Amino acid sequence: MTAQTALDLADAIAEQLADPHSAPLGPAARRQHLAQGHPGIALLHIERAAAGLGPWQRAHDWLAAASRKPLTRGPDSYPFYGAPAFAHALACAADHLPGAYQRALDTLDQQMSADVNRRLDAAHRRMDAGSLPAPSEFDTIRGLTGYGSYLLRRNPSAPALLSVLDYCVRLTRPIMDDGEVLPGWWTDMGPSGRPDDRFPGGHANSGMAHGIGGVLALLALAARHGTFVDGHNEALGRILAWLDHWQEDTGRGPAWPYWVTRSELRTDRLTPSAPRRPSWCYGTAGLARAQQLAALALGDTTRQMNAENALVAALTDPAQLKATTDNALCHGFAGLAHVAARAAYDAHPSTVGQLRAVIPALLAAVHPPGTDPSHAATTLMQDEERGPGLLDGAAGIALALLAPSTAAPPRSAWDACLLIA
């Protein structure tokens, strides 16, 4: 797949999503949802406009459609839903349109700070009581790590951000439960965030979307912005030590489990499993990028190169690629290409060429040579299960094709919500 072929598919998707009033959104679209609805689709047009590939009017239209009715705020909202989701998209546009949307952003920032403080109060009360967290307390999609990504972009020295980072440091400290020492992010729920009989004793989630990977990335990104709190580097070290301990050898390179169960913790041994997809949300691609960011923040060149080599190995491993069964940003080939491109921009000179070399095959998996871009775009748009949205659908695929195809980082900060940049 040539770079131009990838751009042609992205163009075709953008054309079918040009107008929020006529786009074939389907039942999966939810107006207030960053992953599935209007704010995520707005990000596609914001990035394209910022890169000179499309008109700003389309971005305005999608933002207007997203805010046509009152946005959910307060306890029923979270980073990927309601006012926080809209705030992320609006801030990405405002970065390129000085003075635009300022009053709305000021209001949203105040709401976000209030929501963060409310969530932090509850989290510290939980910690004081010695209870285990729910994943939604801290994760990227629903929790404080996701709020932290927004606050870091808006103001790296904001008091609310510093409070979130203090919380993240505390989260990494061990906790006692039934006489056992557990990592502070251990939850007594299943990976879905609900009680699950398949996970007696709970689990420690590794993922970028719902686990400690997102916390690692936030702490690393804050450090790279020059924002530190007490215990910052020690917290990075505790997460990295956990990942080092549970690292597996696939025969081609290292990989990390999606989670560690109570029985695995007690036996200090992972249950054998089939190769898993190396996705952003769960898996080696997202975790390798988070570890690369942490290594850059800590000035650890050896760890940086190890993380980059792990990413190359995962993205060239036939078994892991076979487990990747769709094209989505969240857990498909487009997302892998985007993570590889992001990692390549920061890579050590000894690995940057290898990272860039894996991208063409990933792009070809998304859009095989000879495929008509308009037909491919229509097929993606007609997928009612995945829809047109950011994480699973067409808009996210189009966005994820841009940076790998242009060999330039995104012009907007659209992927800050994924905590990979």
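User: At what angle do the axes of helix α12 (residues 284-298) and helix α13 (residues 301-315) cross?

Analyst: At roughly 165°, and the two axes come within 8 Å. Axes here are lines fitted to C-alpha atoms, for helices over the stretch in contact, with angles from 0 to 180 degrees between N-to-C directions. This is a predicted model, where local features need pLDDT of at least 70 and side-chain atom pairs count only at pLDDT 80 or more, while totals for chains, interfaces and linings use all residues. Residues are numbered from 1 along each chain as its sequence is written, and side-chain values use heavy atoms, leaving out hydrogens and water.

User: Why is α12 called roughly antiparallel to α13?

Analyst: The crossing is at roughly 165°, and that makes the pair roughly antiparallel. The cut-offs are under 35 degrees for roughly parallel, over 145 for roughly antiparallel, 65 to 115 for roughly perpendicular, and oblique for the rest. α12 also passes α13 in a left-handed crossing, a term for a near helix turned anticlockwise from the far one by less than a right angle (clockwise would be right-handed).

User: Which residues in α12 meet α13?

Analyst: From α12 they are Thr284, Ala285, Ala288, Gln291, Gln292, Ala295 and Leu296. Their partners in α13 are Arg303, Gln304, Ala307, Glu308, Ala310, Leu311 and Ala314. To be in contact, heavy atoms must lie within 4.5 Å. Sorted by class, this contact has 8 nonpolar, 4 polar and 2 charged residues. Nonpolar takes in Ala, Val, Leu, Ile, Met, Phe, Trp, Tyr, Cys and Pro, charged takes in Asp, Glu, Lys and Arg, and the others, Gly among them, are polar.

User: What makes α2 and α3 roughly antiparallel to each other?

Analyst: Here the axes of α2 and helix α3 (residues 56-66) cross at roughly 160° and come within 8 Å. That angle is why α2 and α3 are called roughly antiparallel. Their crossing is left-handed. On the α2 side the contact includes His38, Ile41, His45 and Ala49, and on the α3 side it includes Trp56, Arg58, Trp62 and Ala66. By class there are 12 nonpolar, 2 polar and 1 charged residues in the contact of α2 with α3.

User: How do you know that the length of helix α16 (residues 352-366) agrees with 1.5 Å a residue?

Analyst: Its 15 residues should span 21 Å, and the end C-alpha atoms are 22 Å apart, so the two values agree. The expected span is 1.5 Å times one less than the number of residues. α15, with 13 residues, reaches 19 Å from its first C-alpha to its last, close to the 18 Å expected.

User: What makes α15 mostly covered?

Analyst: In α15, 12 of the 13 residues are buried, a word that stands for under 20% relative accessible area, with exposed over 50% and partly exposed in between (1.4 Å probe, protein chains only). Among the buried ones are Phe333, His338 and Arg342. The cover over them includes α12, α13, α14, α16 and α18. In α16, the buried residues are Val352, Leu355, Val358, Ile359, Leu362, Leu363 and Val366, and their cover includes α1, α13, α14, α15 and α18.

User: Why is Arg48 counted as buried?

Analyst: Its relative accessibility is 4%, so Arg48 counts as buried. Arg48 is in helix α2, and leaving aside neighbours within four places in sequence, its contacts are Ala10, Asp11, Ala14, Leu53, Gly54 and Leu402. Gln32, in the loop between α1 and α2, is also buried, with a relative accessible area of 8%.

User: And why is Thr301 called partly exposed?

Analyst: Thr301 has a relative accessible area of 38%, so it is partly exposed. Thr301 lies in helix α13.

User: What is the phi of Asp268 near?

Analyst: Asp268 has a phi near 55°, a positive value in a residue other than glycine. Most residues other than glycine have a negative phi. Asp268 is in the loop between α11 and α12 and counts as partly exposed at 46% relative accessibility. Leu419 also has a positive phi, about 60°, although it is not a glycine. Leu419 is in the segment after α18, and with a relative accessible area of 1% it is buried.

Conventions:
Helix = DSSP H or I, 4+ residues; strand = E, 2+ residues; numbered from the N terminus.
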